[in-house]
Amino acid sequence: MHVYIEDIGKYEGKDVVIKGWLYNKRSSGKIHFILVRDGTGIIQAVVTKGEVEDEIFDGAGKITQESSLILKGTVRKDERAPGGYEIVANDLQTFQIAQDYPITPKEHSIEFLLPLRHLWLRSRKQNAILRIRHELIKACRDFFDDRGFINTDTPILTPASVEGTTTLFPVDYYGEKVYLAQSGQLYNEATIGALGKVYCFGPTFRAEKSKTRRHLTEFWMLEPEVAFLELDGVIQLAEDMTVSIVERILENRRKELEVLGRDIQKLENIRKPFPRITYKEAVEIIKTKEKDFRYGDDFGAPHETIISENFDCPVFVHHYPTGLKAFYMKRDPDDDTLSLSVDMIGPEGVGELIGGGQREDDCDVLLKRVRENKLPEDAYQWYLDLRKYGTCPHSGFGLGIERMIAWVCGIKHVRETIPFPRMLERVYP
Ligand code: 4AD
Ligand code: MG
């Protein structure tokens, strides 16, 4: 019977068939220890001379790394074996012998591995990251689904910018210039009028011009939006979601975190409430390390790191000066120089995980902002309509999935958190 390695514990003492690939191998004269992976796990098979036909034993000695194979044998419990079980082989057939697999079991440089991403994904660590990615996305969806949010999909081809005009990817749309979506937010603001609370989840695109460990040009964003919700409420929502994600990964993906060597205690320490500080307070923190930093300056990666060093949990920074935030941000009624914006900065130097806030809900004010920002008015008519027909206070945020994965997994660079990263100077494979 064909079984998956992750289920092997259910088949102790039974005869099973495993279909997969050779991960690694070592031989000691009369025994071949074959590590087989099938995508769900890795298991050791023991092929012993005299216990299998000579042809099978000799064949096992010739199998190369990443050859595809079908293994038959009996499941045996063995504390010493990786995973606690091994297979006593009685048959081993190769489907194809792989010649000269380029990623040998030693350390390789990132420059070597990135062009081989299609193969690199097979490694144990990358496998663990992709499993955590899957779980994390499911945790996000479940969080919102369980709270009655409706998943609405927003378009990828869009006539207007959301997050500034400097990172747009233009596309020729039958002779008209449109752009790949930077965010689904503006469309979420329309669907809340129909559904009350929504989220979109999809790829977003930004022509980032700098190479950093936090930026991709194509990344996935989860964006909730809620009618009649103000800044405090959206901070609460982001906090609850983050705690829920971390709990879920600790519950279901501990094994994968261990493969990655993650300091699990750090995740276990994540508890509500997260600190909430104003932009102004954040500037004071930065100034203790960087004297030249001025109120009104935007945070770069090093500044976010300085802020995060002061806390074990993610921290919310709110009320940024209006000049640092997008045109749609509502202004603080008590101080017109401040926006009702919030970013969640992750711990351990991972940087901004979430950006969001309360949206401008007054039609005249919003039109003024569109003009001030020299945005093409025509493209925003529908967006202004939303303020003409039953406008209401509303708020939302965007979570960068890859940055969240990088934090949870404890990996430095977002390029390993997505199956096929797109970055400045890299679109292959
Ligand atoms: O802060 P941002 O630009 O916010 C928005 O796009 C809002 N319209 C979202 C909303 O309110 N619905 O982006 C949100 C998050 C960031 O906090 C970051 O985690 C991630 O998206 N992000 C990136 N991740 C990877 N590569 C990039 N180039 C990213 N740019 C933003
Ligand atoms: Mg942001």
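Modeller: A backbone N or O atom of leucine 216 lies 2.8 Å from a nitrogen atom of ligand 1, while oxygen atoms of ligand 1 are approached by backbone N or O atoms of leucine 353, at 2.9 Å, and of glycine 355, at 3.4 Å. Taken alone, ligand 1 exposes 630 Å², and the protein buries 95% of that (accessible areas by the Shrake-Rupley method with a 1.4 Å probe). This is a predicted model, in which local features need pLDDT of at least 70 and side-chain atom pairs count only at pLDDT 80 or more, whereas totals for chains, interfaces and linings use all residues. Residues are numbered from 1 along each chain as its sequence is written, chains are lettered from A and ligands numbered from 1 in the order in which they are written, and side-chain values use heavy atoms, with hydrogens and water left out. Ligand 1 is surrounded by 23 residues, the closest being Glu163, Gln185, Arg206, Glu223 and Glu352 (a residue is near when one of its heavy atoms lies within 4 Å).

As for the wider setting, the domain assignment, which is automatic or taken from a database, gives domain 1 (5-96) and domain 2 (117-416). Seven residues from domain 1 and five residues from domain 2 make the contact (heavy atoms within 4.5 Å), although the C-alpha centres of the two domains lie 45 Å apart. Across the interface of domain 1 and domain 2 there is one salt bridge (a side-chain nitrogen of Lys or Arg within 4 Å of a carboxyl oxygen of Asp or Glu). The side chains of arginine 122 and glutamate 66 meet in a salt bridge, at 2.9 Å from N to O.

Note on methods: Polar contact = N/O pair within 3.5 Å; in protein donor to acceptor, adjacent residues only side chain to side chain.
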